[in-house]
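Please look through the model below with attention to its ring contacts and to one of its helices. The paragraphs after it go through these in turn.

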Amino acid sequence: MNGNRRTGLTLVIPLAVLLAVLFSGGRGAERVGATSNTSYEELETFTNVLAIIQKNYVEEVDTKRLIEGAINGMLASLDPHSAYLTPELYKDLQVETKGSFGGLGIEITNRNGMLTVVSPIEDTPAARAGIKAQDIILKIDGEFTKDMSLVEAVKKMRGPKNTKVKLTIKREHPQQLLDVSLTREVIKIQSVKSRALPGGYGYLRVTQFQEHSDDDVEKALHSLKDSGNLKGLVLDLRNNPGGLLTQAVKISDVFLESGLIVYTDGRLENQKQKYFAHKANTWSDFPMVVLVNGGSASASEIVAGALQDQKRALVLGTQTFGKGSVQTILPLDENTALRLTTARYYTPSGRSIQAKGIEPDVVMDQGKQVAKGDVSGPLLREANLPRHLQHPGKDGATDRDADTDGADADTTEVVPPDVKEGELGHDPQLDHALEMLKSGQVQRTTVAQRAG
């Protein structure tokens, strides 16, 4: 890696506020600078409004509450991923990047004023209760969530271990209204899972990119090799919401001998970073298929994009989420911080996936292989989120002609109810990936691409 070093963590994940507050972001070395002179007139308007509210509002209002509300509103007007971290949320962030946090295990976002599930996390109360991606949370303990902020929703769903919370869920496919009672627990995420596949092939699943995920990937690969199961590998990044940028880079580096992995570009010099692969300890002597879908976001898209651009692997599945921005944590003091979008990231070939996503080499839903662009159905993606960061055009300018509400951007697989991801015979995408590896199709394709 080159470029200026930053202290702390940089994360690249979708809006995705996990229940237990799995916020994206990374700590920046720089602190907030002084306000420019041109802003003082607007600040005077703000202080006038504050004074009028304090004097005339029907009830006495705490000044701290007003200021926090103003900060939250200001950040919410920017993009879906910038936010104010209160002391509680800031502390949670530092714990959650280590892979352990309290809550239900739901990744949520706000879509058109409705709390919407991006995906449940594996092996959590939410997943075990059958909550699904795209479910709408209508009520939390009987309280309607329409226009409820994500922070407020998270606070209501968090709580001590073994306490209960009741969610009212609206499901579109098929149409249902469900009351689900969940028991909170401390959630510990096993970010890497692996097992042998028939014929000497390996299966490796990364559920999110957290501290030490790269070490776990290395251990899994050694275990598969020792058992004689590394003639080829299926890397499963489906429904992986992202995580730490550094981990996305390190895991990509595991499979790449050289070349660019990803680069970031922002307004400041220290937001312009390039990350390269290194030959040492590289696992590059077997073909790979990477599985992705609409729940694969950010750090997942970095890995898939790097392996695809470097012709190291074929990507199979459906269009990814399309979250191509980097958030940095900028401390305000010892206890609070801003999570601020500071840069876009680009794949080695210069592709920005912001509001676009990674297009698989082999487009396949969970039922059949299809022509590119033929998969349709409802999907929550970055392009659907209000005020999402626009996709940059070829000249670097943002594409202002892009659909801002995402009404025409919904494309994904319609998953049959009996699909069991990661299980041969129940997972058509995994079955097809293994068939491609066994037939030598992947190896022939990647070799031909390298030669070209």
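**Rings, charges and a helix**

Arg195 lies over the face of Tyr203, 4.6 Å from the ring centre, where a charge counts as over a ring if NZ of Lys or CZ of Arg is within 6 Å of the ring centre and within 35 degrees of the ring normal. Arg312 is placed over the face of Phe286, at 5.2 Å from the ring centre. The model is predicted, so local features need pLDDT of at least 70 and side-chain atom pairs count only at pLDDT 80 or more, while totals for chains, interfaces and linings use all residues. Residues are numbered from 1 along each chain as its sequence is written, and side-chain values use heavy atoms, with hydrogens and water left out.

The count of aromatic pairs comes to one, with rings of Phe, Tyr and Trp (its six-membered ring) pairing if their centres lie within 6.5 Å, and planes under 30 degrees apart counting as stacked, over 60 as edge-to-face and the rest as tilted. Tyr263 and Tyr346 form this stacked pair, at 5.1 Å centre to centre with 10° between the planes. Because Tyr263 lies in strand 16 (residues 260–266) and Tyr346 in strand 21, the pair ties together parts 83 residues apart in sequence; strands (E, at least two residues) and helices (H or I, at least four) are DSSP runs, numbered from the N terminus.

Buried residues of helix 2 are Leu66, Ile71 and Leu75, buried meaning under 20% relative accessible area, exposed over 50% and partly exposed in between (1.4 Å probe, protein chains only).
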